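Here are a few notes to read alongside the model. Keep the sequence open while you go through them.

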Amino acid sequence: MSRPTSRVLTLLELLQSGGTRTTAELADRLGVEGRTVRRYVDQLIDLDVPVESVRGRYGGYRLAPGYRLPPLMFSDDEALAVLLGLVAGRRAGPATAQQTASETASAKIRRVLPRHLARRLDTLRESLDFTEAPREFPAPDTGVLLTVADAVRHRRPVAIRYTDRDGRRSERTLHAYGIVAHAGRWYVTGRDAGLGEDRTFRLDRVADARTLPGSFEAPEGPAPAQRLLSAFATAEYRHAVSLRVHGTVEQIRARLPAGVATLEEIDPAAGGGGAGERWLRVELRAERLDWLPPVLAALDRPFVIDRPDELRGLVTALADRLAASAGRPDHRSDPPYAPDGPTS
């Protein structure tokens, strides 16, 4: 494929990602002059691709609304990879659009596969099973997702209409750092320009997103995924828990991942025990505490509870129940323990 033709296709890909592209931006991305960009645009128009010219200070080029992608050509391996991704995605995570979009896409690709490959794929799908039930989380709007992604890539402010978990609606201007998929949901992390603070937003709660003029510089520091996990671990829940645990980071993270708790080294010189074992400060926020004692028991590491006092009582109660169960010489002679009331 000649370089001019390759650049024309690259131009089409840039326009397909959404938004308005200035001539200067397109020229920079393609490595050509502005007049060459205009010539490439004319070639796309000759191919019946509806490229619109936008006038004004922030004008440029964009695709007409409603333009659909031309037919795609896949190799056998590529078609198989796409279909398996759609099958797994429906079960293991959220779709980027309505569930029916994933199903209709699978059906379309399935219809054009060679017969032998289609039969092999059907055999695989019939043999495939999952250990987890399908996730039923709300999916983000496709337009919102693509607009925010474009804002992340080109470091442009984006205006969003957001509804929080209490049903309060607001309009925000966001400097989006990145999009993160976590535990079946999609999030965007960035700086709320109105508040001047970093924030995390669930994308399925964003009703509308619109790219704004201008640009911003992404800050140095943690990656978007780490920012999201830190936001979860420090969220304002009812209980503030502080512990000291003696062990390795890996041992603690196996039970208290980064999205649940933050870790801080207390004394680098205070080692002892196995390699990498030391006292670490573990802090987390929780709406309820009843799930923590079993987690601490499963850690099987020395720990000290600094706060809250209520957690000490729950740990002691669990220890008493375990000791009572372990001390019974013959389980057939005693009724089972019933924490919610007497046995019948």
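**Salt bridges and a loop arginine**

1. Aspartate 192 is buried, as its relative accessibility is 3% (buried means under 20% relative accessible area, exposed over 50%, partly exposed in between, with a 1.4 Å probe and protein chains only). Its side chain meets that of arginine 172 in a salt bridge, 2.8 Å from N to O (a side-chain nitrogen of Lys or Arg within 4 Å of a carboxyl oxygen of Asp or Glu). Arginine 172 sits in strand E4 and aspartate 192 in strand E5, so the pair ties together parts 20 residues apart in sequence. Helices (H or I, at least four residues) and strands (E, at least two) are DSSP runs, numbered from the N terminus.

2. A word on the source: this is a predicted model, where local features need pLDDT of at least 70, side-chain atom pairs count only at pLDDT 80 or more, and totals for chains, interfaces and linings use all residues. Residues are numbered from 1 along each chain as its sequence is written, and side-chain values use heavy atoms, leaving out hydrogens and water.

3. Aspartate 150 and arginine 21 form another salt bridge, with the closest N and O atoms 2.7 Å apart. Aspartate 150 belongs to helix H7 and arginine 21 to the loop between helices H1 and H2, so this pair links parts 129 residues apart in sequence. Arginine 21 is buried at 1%, and aspartate 150 is buried at 5%.

4. Now look at arginine 155, in the loop between helix H7 and strand E3. Arginine 155 is partly exposed, at 27% relative accessibility. Its C-alpha is 6.8 Å from that of glutamate 217, although 62 residues separate them in sequence.
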